[in-house]
Amino acid sequence: MLLRRLPTFAAFAALTALTFAGPSWATDKDVLVIDKAEDPPTADPGVEVSNNGYTLIFPAYERLVKYDGAKTEVIPELAESWTTAPDNLSWTFKLASGHMFDDGSPVDAAAVKYSFDRVKKLAAGPGDMFPTVKDVVIVDPQTVKFELSAPFAPFLSALATSAGSIINPKAQEHAVNGDDAKAWLAEHTAGSGAFKISAWERNQQITLDPNPHYAGKKPAFKQVIFKIVREMSSRRLQLENGDADLIDQVPVDQAEAMKSSAGVVIESNPSLYVVYLYLNNKKAPFDNPKVRQAISYAADYKGLVDGVMQGQAEQMRGAVPDGMWGHDPQGMQYTYDLEKAKQLLADAGVSNLHISFTYSQADSAWEPVGLALQASLAEIGVTMDMKNVADTTKRELVAKGDYDIATGAWTPDFADPFMFMNIWFDPTKMGAPGNRAFYENPKVTDLITQALATVDQKKREQLYIDAQKITNEDAPYVLLFQKNDIFAMRSSVKGYVYNPMLIQVYNIADMSKSE
Amino acid sequence: MSLISTILRRLVLLVFVVAGVAIITFTISHLIPGDPAQLIAGDKASAQTLAHVRQELGLDKPVTQQFVIYVKQLLSGDLGQSLRTRRPVAGDIALFLPATLELGIAALVMAIMIGVPLGVLSAIYKDGPVDQAARVVSVAGISMPVFWFGLALILLFYVKIPILPGSGRITLGIAAPPRITGFFLVDSLVAGDLKAFWSSLYHLILPAFVLAFANLGIITRQIRGSMLDVLQEDYVRTARANGLSRSAVILRHALPNALIPSVTLLGLAFGDLLYGAVLTETIFAWPGMGSYVVSSIQTLDFPAIMGFTIVASLGYVLINLAVDLTYMVLDPQIRELG
C-alpha cells in the first residue's frame, strides 16, 4: 500500500519542502528584484527610444555627461571637461582616465567616435538627438571633438540621454550581415556602467551583474533581477508579499490603495510627463483661435486633477512644464469657465458644432478626460462624439491630421525646452514629427528658431517664455496637466533618487537594502 | 479510404488553409491604420528618420510587393523579423511556444484526470450527491472568468495561505534547465536537475489548474453523457448478466466506448486551452505565446502577428487531423466511411 502511494507521497513532501525552503530571494540583502510591466524591446542605445529600454541602458552604460542627482542640469561623467568654439560649431571633450568597459578595456576617444558614428549610421530614433553632428574627430586618445553643421543649443543636454551612451567598439565583433551589432546589442550590453546584462530570458526575467571594472563605487547589489509581470494585480501582490522589492507602472487608484500596505512605500514625484489635447488647427472651425480658446475654457482642470488623477497631477502653465528651465511660473492658465467659452463661440460665429474626440486606451486618463469635456461642451451646445481607437491607429490619424480633437502625452528626451517648443510649434515638424496640431504662427516660429541657435541660456529662456505667451493665447493645444510619476517599493529599499528626466530608470548602483 | 490517403489529402488541404490564413491576416494587418515605423522610431522621430526606418523595414514598398516578399520568405521557412524586438519571429515562437504548450498539456492532463473519473461517477450515481456536485463544478468552470478565478486563487494560495508561487515558471535563483525541448519539466529531468524539476512543477500547479478548470466542466458533462448512453447498451447488460463485477464492467467495457466521442472534444479542448492561455499567462506572468502576442498586437508588430497566426492555424489543423486519425483507429466504422 505504502509502496504504491510512494510517488504521490514523495511529490507532496518535495512540494512542502520547497514551500518552506528558506526566505524568498527578494529579501536577500544583496539582490534587488524589480517587477516590470513589459519586457524591454531592446537594450541598444543606437535604436531604443522607450523608457522601458532605458531601464537597462542607463545602469549599463556611461555617457560623457550625466544628470546631476535629482536635477536636470548635467555634470561630467566620462568627460572631465569640455570647451565650445565661439561659433558654437565644435565641442571638445577631455575624457577622464580610469573608466573601463566590462571587458577591462579603457574608454577612449575611439570608443566615443565609434558610438556616435554608429548612432548616426543606424539613423533610428536616437539619431534625432544629435541632428547637426557632422563629424566626430579623435584628437588624441583622451580627447574627442564634435563638429556640428549648425549650432544646436541643447547639445550638452542631449549627450546625457540614452543615445549618448558610450559603447565598447569591441561590440562590433558581434556584427552580422553589416548590422553594426544591432542584433547582439539588442540583448547584451557593452558599456562602462556599474552593471551589465548577464542573462535575458525573454518575457521572463533579465539579470544584471556588476561590471567588475566599473570606475565608480562598488554597488551594494551582487545581482539585480528584473521580472516581467504584465498584470498590475500580480505585481502588487508580489510586492506586498516581499517577492519583489520595487514595481513599476502603478496606476493612481492602485497607489492610493497600496498606501495602507505594510512595508510598502509609494514613490510619487512631479514628472515632466504632460497630458494635453491636440486641436486640429488646419481644419475649420479650429483654424479660428477663438474656437480653440473656447475649448480651452471648457476643460475642468481642477476636476480632472482632483478626480481623474486623485491629486497626483498639476495643471500646466504654458507648454514647458514645471520643473524644467524655460517654464514660465507667471504663464497664463485657462480656467473652467463655460460662460466665457460660450461667448467665444458666439464671437467666432460658430453654432451647432459637432466634433469628434479621438483617443485610445494607452493613457488611462484620456477616456475620463474626454467624457468630462463631452459633458462640459454639451452645456454650451457643442456635440462631441467619443472615438475610441487602437493606439497605433490614433497616432496615424493624428499624424495625418485626420481628427478634430485628439489626445496627447509627451515626455522630454533631454532637459531642454526644445523638446516642447521646437517640436510642438515648428511648422516644419507638422504631423508625425511632433507638431500634430498643425500650428503655425510666424512670430512663434521666429522666436523658437532664434532660441535654438542661441547659446546663452538666459537669453534662450526669455525667447521661449515670449513664445509661450503667444502660444498660450493662440491655444493650439489644450494644456491639461503634468502627471506625477508613481511606483512602489519595499520600505527596505534605500538610496533611490528621483530625476524627472529618468522615468523608469533606477539608480541601482547607489541603491541598497536595509534588511 | 486508407489512413495514408486520408493523411495525404489532409496535408494538401493544410497548405490551402495556411495560405488562406496568411492572405487574410496579411490583409487585415495592413488595412489597420497605424505606422509601425513610428512606433519603432518613437514619438519624436524626424521625417527623415521615419523614412529611413520605413525603408529599412520594407514598409515603403507597395503592399502587394510586401506580400510577395513575405510569401517568398515564408516558403523558405523564414517568418521574418519582429519589428519590436529585432529578433527572428521563428526564434521567438520557438522560445515561447513550448512554455504555452507545457502549460496547455499540463492543464489538459489535469482536466482529464479530474474530469473523466468525475464524469464516470456522475453517470453511475446519476442524480446522487456526486452528480450534483459535478454539475456545480461544470457550471462554475464554464461561467467563471479566467481572469477573476486566477486572481482569486493567487490571493488564496499565494497571499492568504502562502503555499504556492504566484508567478513565473521557476523560482528566482534556480537556473532554468538547459534548453532541449523548452518544456522545463522534461528538460530538468533530462539534465537530472531535480531542484529545477520540482520548482517548475510547483509553478505549474496554479496556472494549469485555472486553465484546466474551464474545460473540466465540459469534459465531465461529455463523459457523463456518453457513459449514460453506453450503460444502456445491450453488451453492458450482457456483461453484467454474465456475472462480471460492476467495476470490471465499467472499466473494461463501458468506459473505453464512452471515451470515443470524447476524443474530438479533447482535441477542441486543447485548442481552447491554448487560446485561454493568453489570459492565464498574463495573470501568472507565464512567459509563453500569450504575452508575446499581446505585446505584438499593441505595437502592430506585423511579422510577429503573422507568424503567430500561421503557426496557430497550423497547430489547429494538425490537432484536428490527429483527432480524426485517433477516431479512425478507435472506431473502424468511421474508417469505412472516411
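1. A word on confidence to start: pLDDT is the predictor's confidence in each residue, from 0 to 100. Please keep it in mind here, as this is a predicted model. For chain B the average pLDDT is 86, and 98% of the residues score at least 70.

2. For the model as a whole, the scores are ipTM 0.84 and pTM 0.88.

3. Now to where the two chains meet. Chain A brings 53 residues to the contact and chain B brings 57 residues. Together they bury about 4600 Å², with 57% of that area on carbon and sulfur atoms.

4. Polar and charged pairs are worth a look too. Between chain A and chain B there are 17 residue pairs in polar contact, counting pairs with both residues at pLDDT 80 or more. Five salt bridges are counted between chain A and chain B. A salt bridge you can find in the structure joins A:Lys182 to B:Glu56, where the closest N and O atoms are 3.2 Å apart.

5. Which elements of chain A supply at least two residues each to the side that touches chain B? They are the helices α1 (2–19), α6 (232–240), α12 (391–400) and α13 (418–425), together with the strands β10 (223–228) and β16 (405–410). Sorted by class, that side of chain A has 25 nonpolar, 13 polar and 15 charged residues.

Notes. Residues numbered from 1 in each chain as written. Chains lettered and ligands numbered in written order. Predicted model: local features only at pLDDT ≥ 70, side-chain atom pairs only at ≥ 80, totals over all residues. Heavy atoms only, no water. Contact = heavy atoms within 4.5 Å. Buried area = accessible area lost by both parts, 1.4 Å probe. Salt bridge = Lys/Arg side-chain N within 4 Å of Asp/Glu carboxyl O. Polar contact = N/O pair within 3.5 Å; in protein donor to acceptor, adjacent residues only side chain to side chain. Helix = DSSP H or I, 4+ residues; strand = E, 2+ residues; numbered from the N terminus. Nonpolar A, V, L, I, M, F, W, Y, C, P; charged D, E, K, R; others polar.
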